[in-house]
Amino acid sequence: MDEHTPVLVEEALGALHIDAETDAQRHALYVDATYGRGGHSARILQALGPSGRLLAIDRDPQAVAAARERFAKDQRVVVVHAAFGTLESLVAAHGEGRACRGILFDFGVSSAQLDQAQRGFSFQVDGPLDMRMDPTSGQSAAQWLAHASLDEIRNVIGTLGEERFAGRVARAIVEARAREPITRTAQLAQIVSAAVRTREPGKNPATRSFQALRMFVNDELGEIERGLGAALRVLATGGRLVAISFHSLEDRLVKNFMRRESSPDPLLAKLPMLPPGYAPLLQLVGKKQRAGEEERRANPRSRSAILRVAERLDTPLPAVSGGRR
Ligand SMILES: C[S@@+](CC[C@H](N)C(=O)[O-])C[C@H]1O[C@@H](n2cnc3c(N)ncnc32)[C@H](O)[C@@H]1O
């Protein structure tokens with residue numbers, strides 16, 4: 001299977017606020033930082049005028065190939081294979097100096113990645129234990145598990161998987177790998193399931209550990225932090241930052257980032273006027289949004305999705321590097 005049902009598409013489109021009729025937007029640049037299988041990109045292109053640009057980014061070579069094939073004839077689309085943590089240099093290299101009016105992040109993995117056994121993300125279908133979104137760089141989950149210490153494994157599974165049996169899971173992994181290398185997803189799922197004592201309703205006992213390893217192998221939280229920071233630096237005044245998260249660790253990063261960047265520095269808040277470079281850079285737009293009943297019924301994945309939106313204010317970035325951002 002090579003498909004992905006996009007979530008909160010109309011909500012994301014509304015939030016990006018694309019109006020191809022206005023002068024400010026006619027030649028604008030929009031960024032889909034997580035192309036996947038292009039559900040959001042396709043909808044952005046419907047709204048974008050003939051002179052607009054869409055920069056479609058994905059770190060997964062298969063997603064990039066799918067994007068290049070699907071939009072080969074659309075001159076408005078530039079497809080780039082990269083991690084969105086490097087967004088600032090990507091916009092500089094491919095944005096043609098256009099004002100960036102909107103950036104969409106739809107975090108996590110796509111169904112196309114989860115459903116392919118050979119990508120090694122799934123505890124449901126057996127495959128090589130890889131889990132890299134970009135298999136051309138970094139180390140696979142199997143490579144990491146072969147040499148990580150007990151404490152490192154426990155930390156990753158406890159922190160990123162919020163697994164209360166992280167200690168037992170880590171010990172089981174270390175014992176199992178002493179007998180034979182852990183190289184398959186089914187093998188790992190079995191080791192983890194035997195170590196997790198309780199059963200959460202409707203949840204495979206390996207869910208939390210697999211999620212943790214996937215997030216670690218791809219440095220997903222680090223990427224989100226870098227991507228959000230870069231978005232702030234490339235967005236034009238009035239440009240929209242739209243982020244869709246699927247679990248609490250992602251959403252907490254987005255929420256805290258948007259809150260911090262939309263409030264004055266608490267140490268300076270009481271001053272009659274904020275010094276240049278210290279006024280907030282963002283303004284929150286509306287409250288967090290979730291999928292409606294119909295979408296939740298049709299696409300169970302949408303049930304955990306949370307969309308947050310902020311708008312770039314007309315505030316210059318602090319001149320000195322190494323400041324608060
Ligand atoms: C949830 S899917 C996006 C689905 C997409 N919005 C659609 O409609 O098809 C997430 C995608 O983002 C990509 N991705 C995740 N983290 C990334 C990162 N740091 N840089 C670039 N792409 C990333 C994944 O490879 C995956 O294809």
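A polar contact is a pair of N or O atoms within 3.5 Å; within protein, one atom must be able to donate a hydrogen and the other to accept it, and residues adjacent in sequence count only if both atoms are side-chain atoms. You are looking at a predicted model, where local features need pLDDT of at least 70 and side-chain atom pairs count only at pLDDT 80 or more, while totals for chains, interfaces and linings use all residues. Residues are numbered from 1 along each chain as its sequence is written, and side-chain values use heavy atoms, with hydrogens and water left out.

**Glu-311 and its surroundings**

- Glu-311 has its place in strand E7 (residues 306-312); helices (H or I, at least four residues) and strands (E, at least two) are DSSP runs, numbered from the N terminus.
- Setting aside neighbours within four places in sequence, Glu-311 is in contact with Gly-238, Gly-239, Arg-240, Leu-281, Leu-282, Gln-283 and Val-285; contact here means heavy atoms within 4.5 Å.

**Helix H11**

- Helix H11 covers residues 207-217, and nine of its 11 residues are buried. Buried means under 20% relative accessible area, exposed means over 50%, and partly exposed lies in between (1.4 Å probe, protein chains only).
- The buried residues of H11 are Thr-207, Arg-208, Ser-209, Phe-210, Ala-212, Leu-213, Arg-214, Met-215 and Val-217.
- These buried residues pack against six helices: H7 (141-147), H8 (150-160), H9 (166-179), H10 (185-195), H12 (220-234) and H13 (248-261).
- After H11 comes Asp-219, whose phi is positive, near 45°.

**Arg-208, a member of H11**

- Arg-208 is found in helix H11, and Arg-208 counts as buried because its relative accessible area is 19%.
- The side chains of Arg-208 and Glu-200 are joined by a polar contact of 2.7 Å.
- Not counting residues up to four places away in sequence, Arg-208 touches Gly-161, Glu-162, Glu-163, Glu-200 and Lys-203.

**The largest pocket**

- The largest pocket holds about 870 Å³ of space. On a 1 Å grid over the protein atoms alone, a pocket is an open set of points with protein on both sides within 12 Å along at least five of seven lines, a cavity is a set of points where a 1.4 Å probe fits but cannot get out, and lining residues have an atom within 4 Å of a point.
- Grid points are joined across faces, edges and corners, and a volume is the space filled by probe spheres set on the points.
- The lining of this pocket has 24 residues, with Leu-114, Phe-123, Thr-207, Arg-214 and Arg-301 nearest its centre.
- Helix H6 (111-115) and H11 each give at least two residues to the lining of the largest pocket, and the largest share, four residues, comes from H11.
- Sorted by class, the pocket lining has nine nonpolar, nine polar and six charged residues. Ala, Val, Leu, Ile, Met, Phe, Trp, Tyr, Cys and Pro count as nonpolar, Asp, Glu, Lys and Arg as charged, and the others, Gly among them, as polar.

**The cavities**

- Searching the whole structure finds two cavities of 30 Å³ or more.
- The largest cavity contains about 370 Å³ of space. Of the 30 residues lining the largest cavity, Thr-34, Asp-58, Asp-106, Phe-107 and Gly-108 are the closest to its centre.
- Helix H3 (39-47), strand E2 (53-58) and H12 each supply at least two residues of that lining, and H12 has the largest share, with three residues.
- The second largest cavity has a volume of about 40 Å³, and its lining includes Thr-207 and Arg-208 from the list above, along with Glu-163 and Glu-200.
- By class, two nonpolar, three polar and five charged residues line the second largest cavity.

**The ligand**

- The ligand is surrounded by 25 residues, the closest being His-40, Asp-58, Phe-84, Asp-106 and Glu-223; a residue is near a molecule if one of its heavy atoms lies within 4 Å of it.
- A polar side-chain atom of Asp-106 lies 2.7 Å from a nitrogen atom of the ligand.
- An oxygen atom of the ligand is 3.0 Å from a polar backbone atom of Gly-39, and an oxygen atom of the ligand is 2.8 Å from an N or O atom in the Gln-113 side chain.
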